[in-house]
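Trainee: Please take one part of this model and go through its salt bridges closely. I would like to know where the partners sit and how exposed they are.

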Amino acid sequence: MFDFEIARYLYRVFFLYEKIHNSPYKARAYFKAAMAVDGYSNDIETLYLEGKLRSLPSIGVSIEKNICEIIESKNLSLINDLLKEIPDSIFDLYEYANISDKLLKKLINSRIFNFENISDMLRCYDPCLSQSETETLRIALKMYETRRFQYAHVYELANELILLMQSTALVNNISLSDDLYLKKDTLQIGDIICTLAVDFNVFLNHVQNLLTFTFISSTENSVFLERFGIHFKVHVLTKEEFYTKIKTLNIQKNKNIFFPKTNLHLYGDLHLHTDWSDGLHSIEQMRDMAFKLGYSYIAITDHSQSLKPSGMSELDTLTQIEKIRKINKNSPIPILSGIEVDILADGTLDLPDNILKEFDIVIASVHSHLNQSHILMGRISEALGNKYVNVLAHPFGRLLGRPGKPTVGREEMQLNFDYLLQLCKDNNVALEINCFPERFDLSLDRAIKAIASGVKISIGTDSHSMYHMSCIKYAREALEYAGIPKKAVLNCQPLDKLIETLNAKRSFDKIDAVSIFERKFKNFRHYFADNNGIITGSVKAVGIDLTGSEKKASGFAVLSGTIAETVAIFTDDEMVERISEIKPAIISIDSPLSLPEGRCCSDKNCECSKFGIMRYCELLLRHFGIGVYPCLIDSMVNLTARGMNLTARLRSIGYNVIESYPGVAQDLLHIPRKRKGLEFLLNGMKNFGIEGIRKDITHDEADAITSAIVGYFYLSNKYVGMGNEEEGYLIVPKLETNLYGKGLVLGLVGQIAAGKTTVAEYLHFKYGFTSMRFSKIIEEKYKVCGREALQRVGEEIAKDPSKQKELSDIMISRIKEKETCVIDGLRQIIDYKNLSSLLRDRFVLVYIDASFNVRENRYRKLEPSVSAEKFKEIDSRPVEMSIAKIISLHNHRINNNKGYKELIHKMDSLLLKLNIKMEESACQYLSS
């Protein structure tokens, strides 16, 4: 079986758990396993034969058994168990149609399980469907009826079918035909032509009994088979007809190619991802596979930071470059340090030049805002003009399929290809043929046109697993088929020539890695220089990386200034005893220390279970692209209970205890997380200024040190509390965002539920903005609380301009001279005038915009008891209507109709613009 066939079963289990059985965590486990298995060769079957399936990421004991069953029986009984009364035709809705989760759920609830049911539904009026849903289903039905499969799927299965026929001596001549022969990107059917060495009925009898292909039907000179949902047609021809067909195909082929077939030697792969971003394997594992494939070099090109949640930060990139340099000292083949850097919405790149210049190769790509047709070329033009960019990856951004959905693609970006070719020539940038089968972008015809115009081609598999690297054959075979000359392909150059080509557009102004660390990544003394007790070590902090059981060691750290002492401790009694001896000023514990609001216990059968398993702080981190487990997910229940009990015990004897999350703190302080390797985590600690770290320290003890550091931030009042009063707060370090000495004050305006508070929370967490709200000032001044009471009092205050101005006066008095602040929810014009006149160029008004339907859905999701009519009433109150007067005065508008990822990306881009603008303003001031 091919890897993609095995993965199909796992994708189907994911679908059933997610859409039918509402089991998101099991669904996620199977999706990750399917992604780990999915590929275009027979590697998984080989691992099965070698007993090494558990070497794959995300494959545990139960999923290993599933894969064994799939390979042995060509079936998976778990799927039948999960289907129950539902026909297996439901998988067509998942695999062959782009139907939203909401509409799919509506179909399932209406017992619509296949496209035949959908066709019947569309023939008659269905009041349950909206006009847009009806149109979506019409498109889905058409896509299903005309579905086209990726070349790689059809090609691999067709070649296996050819081998089966050749092995039985049933055929004299056999070949791929039609679209397969002409290497079309997608195909509706796999055509094969052959001449027979036996009687047709003997041939037919054999084909009907093939174990690996399903017989569909036959005619007097053809046979139809099926596998992986793909139909194959075997045409039986005479010898003369066979050679005439091949001649016709070659004439058709030669109309669109360069020269007669060439032989290309690809020295390496220039687009590979590792577990440093969203890949499955390490740098060393990718290197070893490349060596096995006979490569002379490879380029590691992980994603930059904007690709949430796995993109590499600036620190990650510098750390990875250093690791690659160390690996290269004893590597069988050289590894080029590279990056796939995002082209942001405004055309800027996701990393600054002083980072990009450290890479051997930089490939740029568009991953967001693909429908900005009116400005796309401008974005790309600006990006390609950067002197460090060597390659434009997957230039048109198309998808021919998606994980688990082999025929559901994405339309390509609307680009002026002639202009793009000119940009590449002018800027000495190569265009990539991304030969991962779901993309194959550039297409072959465009690659031929690019080479004809003098633009070089780069070949990259975009591998996210070492088992994807074999996909390079699809590009090599296509280019050989088209007669592409070697000199036109970057990978056809040996390493010295390649490096010479890559360096042709850049200068060698290498940065001093030490100085950039010092300038960009502040250390212990920088943050705590103003706290003498911490600097001298007279104030102690304890950090605990707690485990869910006293049978398993927890990391325990004591910080005395920069000096760390760590130990592994098992029992709570021993922890309390040590803490009593140390007498720390703060205890910081890596564990949930509270239950979700409304929960009285963790019992799934208790009435309180309706309040869910996730706290507000965990929800916020998820929104901000940070992986975090809900405190009451099954695997966390014991840890949460232990953390709460230990905290209650420590607080009862007078100790100050806070909750911390070392991973988040490490990201903020630019300390590599332990997933990058303990070596880099410890080096990051040392760069931060921590001393006394033992050589044999464990991961848990290192995380305990980070928790203790968070304790110091808390004592120095340099922290952000994520959460609420009812659940308590998760403490994370607060970093400075001085923006060239002029503290930025962002005022947020927008209708109710537009997303203003989400933006404020994000700016507070990510950039250390001080968050202010008029409702908080009303609460303090007028001694009221609760949303309804605050709205009522706010409406009364708004009637009196002097009282309203008094609120903004109080707010302005609390904004320090160079402090960076965000004001959540401006509603009155008098407040805007007061803030803008007194703060002047420090004040920027941002309009967070969202449609009525989106806002209603968000509000009612948080407040299920609120009806649609009630929301209309809330939305039309005078205090909300007054917002319209301010909206027209906004400096920047952020559309928030899509989701958190898009919103956060837009805010990051806006801050980058404001940062650049303020820098220019500061430079103009200094030069005047």
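This is a predicted model: local features need pLDDT of at least 70, side-chain atom pairs count only at pLDDT 80 or more; totals for chains, interfaces and linings use all residues.

Mentor: E780 has a relative accessibility of 37% and counts as partly exposed. R814 is also partly exposed, at 40%.

A second salt bridge joins the side chains of K781 and E806, at 3.3 Å from N to O. K781 is in helix α32 and E806 in helix α34, so this pair ties together parts that are 25 residues apart in sequence. K781 is partly exposed because its relative accessible area, 35%, falls between the 20% and 50% cut-offs. E806, at 33%, is likewise partly exposed.

R123 and D120 form a salt bridge with their closest N and O atoms 2.2 Å apart. Both lie in helix α8 (residues 115–123), 3 residues apart, or about one turn of the helix. Here R123 is exposed, with a relative accessible area of 63%, whereas D120 is partly exposed at 36%.

Salt bridges can also join into a network, as they do for E5, E160 and R227. The count for the model comes to 41 salt bridges.

Technical notes:
Residues are numbered from 1 along each chain as its sequence is written. Side-chain values use heavy atoms; hydrogens and water are left out. A salt bridge is a side-chain nitrogen of Lys or Arg within 4 Å of a carboxyl oxygen of Asp or Glu. Helices (H or I, at least four residues) and strands (E, at least two) are DSSP runs, numbered from the N terminus. Buried means under 20% relative accessible area, exposed over 50%, partly exposed in between (1.4 Å probe, protein chains only).
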